[in-house]
Amino acid sequence: MDCGTLRKRLHISVDPDEILITNGSQQTLDLLARIFIDEGDPILIETPGYLGAIQAFSQYMPVFHAIPLEQDGPDISCLCQVLEKTDPKFLYTIPNSQNPSGITYSTERRREISSLLKEHDTLLLEDDAYGEIRFSGARRPSFRNLLAGDQTILLGSFSKIVAPGFRLGWLCAPGEIIDKAITAKQASDLHTNIFAQHVLARYLERIDMDSRISSINRAYAEKCSLMLECMDRLFPEGIGYTRPDGGCSSGSHSLKGSLPWNSGGVLWRRMGLSFPELHFTRTEEETAASG
Ligand SMILES: Cc1ncc(COP(=O)(O)O)c(C=O)c1O
């Protein structure tokens with residue numbers, strides 16, 4: 001991803017020395033965990049949270065503080081209470097089409113989060129794996145535009161818009177964090193595969209990215225509408241689920257609030273299939289240790 005493309009597609013302004021190409025955003029999560037987390041450090045994460053992030057962060061043994069997701073973003077009063085009590089290393093978010101709930105934070109909620117984080121001087125990690133996969137509604141502002149550049153770290157990936165097999169992603173962060181990430185990356189794999197980067201660079205030069213992304217979005221929209229049609233038909237009363245406006249997840253939950261978010265389990269049971277009760281998207285103390 002070059003800086004001109006980031007400026008044009010994400011409407012953010014970036015210098016080349018604020019970018020590091022990684023082996024997919026999963027590697028970026030590991031590098032950031034390595035840089036920021038020491039055993040026992042508090043970190044904030046959405047619940048339900050992205051399994052891959054929980055795995056990456058868990059290796060460095062932080063104390064997770066889970067911020068529940070509502071339909072338009074993290075619960076602000078909970079975030080406020082946690083920030084009053086702890087001084088976390090960062091808040092990890094997926095504001096666009098969150099994995100696994102499928103929700104997209106509203107612009108209003110992004111502004112509320114930004115003003116709280118400014119007040120507490122807390123760093124935000126914005127994982128934008130699904131920002132380009134959008135089939136309805138306009139793109140919402142990136143936290144990079146709502147917070148100062150040194151208070152946000154943005155992660156992106158080519159997995160969802162080109163091919164996951166390339167294992168190419170990018171980190172956009174202040175220069176001093178990029179320097180630390182380069183040192184951490186050298187220890188792990190020296191650098192990202194140069195051949196794959198050349199192939200991807202030639203590909204990006206030659207194709208019309210707007211029309212490629214439109215065609216991906218049409219395909220995802222079609223699958224999403226089929227999935228929602230099945231859920232509308234098969235889900236029992238009292239179960240709500242996200243009608244996603246992008247990405248590839250939809251989480252379900254009890255409308256009475258007694259059941260946590262759950263991806264897929266209700267549908268499985270309704271179809272007579274057994275469903276293993278895995279708490280893999282949650283970070284409560286007893287489940288975080290076992291992943
Ligand atoms: C929210 C989120 N972040 C990061 C990743 C990792 O993606 P990549 O293939 O770029 O490593 C995924 C993969 O599904 C994801 O859902």
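## Ligand shell

Ala, Val, Leu, Ile, Met, Phe, Trp, Tyr, Cys and Pro count here as nonpolar, Asp, Glu, Lys and Arg as charged, and the others, Gly among them, as polar. By these classes, the shell around the ligand holds 4 nonpolar, 8 polar and 1 charged residues. This is a predicted model: local features need pLDDT of at least 70, side-chain atom pairs count only at pLDDT 80 or more, and totals for chains, interfaces and linings use all residues. Residues are numbered from 1 along each chain as its sequence is written.

The shell has 13 residues, and Gly 24, Gln 26, Ala 129, Ser 157 and Ser 159 come nearest. Helix H2 (residues 24–36) gives the most, with 3 residues. Helices (H or I, at least four residues) and strands (E, at least two) are DSSP runs, numbered from the N terminus.

## The sheet

An open sheet of 8 strands runs in the order E1-E8-E7-E6-E5-E2-E3-E4, with mixed pairing. Two strands pair if DSSP finds at least two bridges between them. E2 and E5 (residues 91–93) run parallel and are joined by 2 bridges. Ile 45 stands opposite Tyr 92 in E5.

## Glu 46

Glu 46 sits in strand E2 (residues 42–47). Glu 46 is buried because 29 other C-beta atoms lie within 10 Å; the cut-offs are 20 or more for buried, 12 or fewer for exposed, and partly exposed in between, with C-beta atoms placed from the backbone.

Beyond four places in sequence, Glu 46 touches Ile 67, Leu 69, Pro 74, Thr 93, Ile 94 and Gln 98. Contact means C-beta atoms, placed from the backbone, within 7 Å. Leu 91 is 45 residues from Glu 46 in sequence and 8.4 Å away in space, C-alpha to C-alpha.

Definitions and conventions:
Two residues are in contact if their C-beta atoms, placed from the backbone, lie within 7 Å. A residue is near a molecule or strand if its C-beta atom, placed from the backbone, lies within 6 Å of it.
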